[in-house]
Amino acid sequence: NIGDEPLENLSLLVRLEGEPFDLDTLKVYSGSFNPGDNFIIWDKRDIDELGFLDVNQEGKVEFWVELKDEWTLTTDRGFNQIIKTKVTVGQVKEEFINKVSSKLEVDSQISFEDQVYFENSGPYPPEKGKYTTLTVVLDAKNYYNEVKNVKVRGILPSYVDLTGQIQPKDAKLVFDQESREFIWEVGDLAIGTGVLSQGPQLAFQIRVKPQDDLPLLRLIQNLKIEGEDQFVSSKIENDIGDIVLDLQNLQTENTQN
């Protein structure tokens, strides 16, 4: 209360607006939520300060809500989203607006029997101390906002190397032999690239020489995609984790670090 007189018998109303809100995750302390119109309500029965708020006195209410991992995206809706929190307490009204960042993804496939890009060789599944070549295919996706300077990064273990075979041949793929990091410079991605339209794809060949007989073979470490979101004016990234080949069922899987 920054006024000159005490305030009494107040109610506090919060309305959540925006498709990205995941209202199933909403947690409200002391107040009540009306899912029909997305209102959270507190009164003096919930918070003592709403019954009497003296001059320069403060009161606090709390709630938590998460955003959806994804929401409907079509050619005419679902992008450049904002969320609004409209607050009313007594005669005072405030509106808080936040922009929602885009979502970047990179899908990975690793195969031995490659009928499209390269001819692979060596024992499969890979064996300790022997060379096997494999094909890695990466697909970049961008969902909700325009994102520029998109890059895909990953680290190759010491027993994995690039053979130099890539498709398309003009793709920007660089590899630092010392840090073992490769970077695919994807470029700028429009809204819905890889989701509503065909996205950029990179295929490259790796040569693997396992050092042990473990059932899981780690092929790529710390795979991630990053870029500059033009709507929220900030850098965003998505950590995919490690790409691991299960040598028993010959399937690749992602494992978070």
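Five strands make an open sheet in the order β4-β5-β2-β8-β9, and their pairing is antiparallel. At its edges are β4 (32–34) and β9, each of which pairs on one side only. From one strand to the next, the twist averages 20°. This is a predicted model, in which local features need pLDDT of at least 70 and side-chain atom pairs count only at pLDDT 80 or more, while totals for chains, interfaces and linings use all residues. Residues are numbered from 1 along each chain as its sequence is written, and side-chain values use heavy atoms, with hydrogens and water left out.

Strands (E, at least two residues) and helices (H or I, at least four residues) are DSSP runs, numbered from the N terminus. Two strands pair if DSSP finds at least two bridges between them.

β13 pairs with β16 (residues 201–208), where Val 160 stands opposite Val 208.

Strand β17 (residues 216–229) has links to β12 (residues 147–155) and to β18 (residues 234–246). β17 and β18 form a hairpin with 4 residues between them, and Ser 233 in the turn has a positive phi of about 60°.

The pairs described so far can be set side by side:

| Strand pair | Direction | Bridges |
|---|---|---|
| β13 and β16 | antiparallel | 5 bridges |
| β12 and β17 | antiparallel | 6 bridges |
| β17 and β18 | antiparallel | 11 bridges |

What does the whole chain look like? The protein chain has 1 helix and 19 strands. Its radius of gyration (taken over C-alpha atoms) is 26 Å, well over the 18 Å that the globule rule (2.2 Å times the number of residues to the power 0.38) gives for 257 residues, so the chain is more spread out than a compact globule. The C-alpha trace spans about 80 × 40 × 35 Å along its principal axes. Of the 257 residues, 36% count as buried, meaning under 20% relative accessible area with a 1.4 Å probe, protein chains only.

Finally, the largest pocket has a volume of about 650 Å³. A pocket is an open set of points on a 1 Å grid over the protein atoms alone, where a 1.4 Å probe fits, with protein on both sides within 12 Å along at least five of seven lines; lining residues have an atom within 4 Å of a point. The volume is the space filled by probe spheres set on the points. Its lining has 25 residues, with Asn 1, Leu 12, Leu 53, Val 89 and Val 92 nearest the centre. β2 (12–17), α1 (48–51), β8 (82–89) and β9 (92–99) each supply at least two lining residues, and β9 gives the most, with 4 residues.

Methods. Axes fitted to C-alpha atoms, helices over the stretch in contact; angles between N-to-C directions. Buried < 20%, exposed > 50% of the residue type's maximum accessible area, 1.4 Å probe, protein only.
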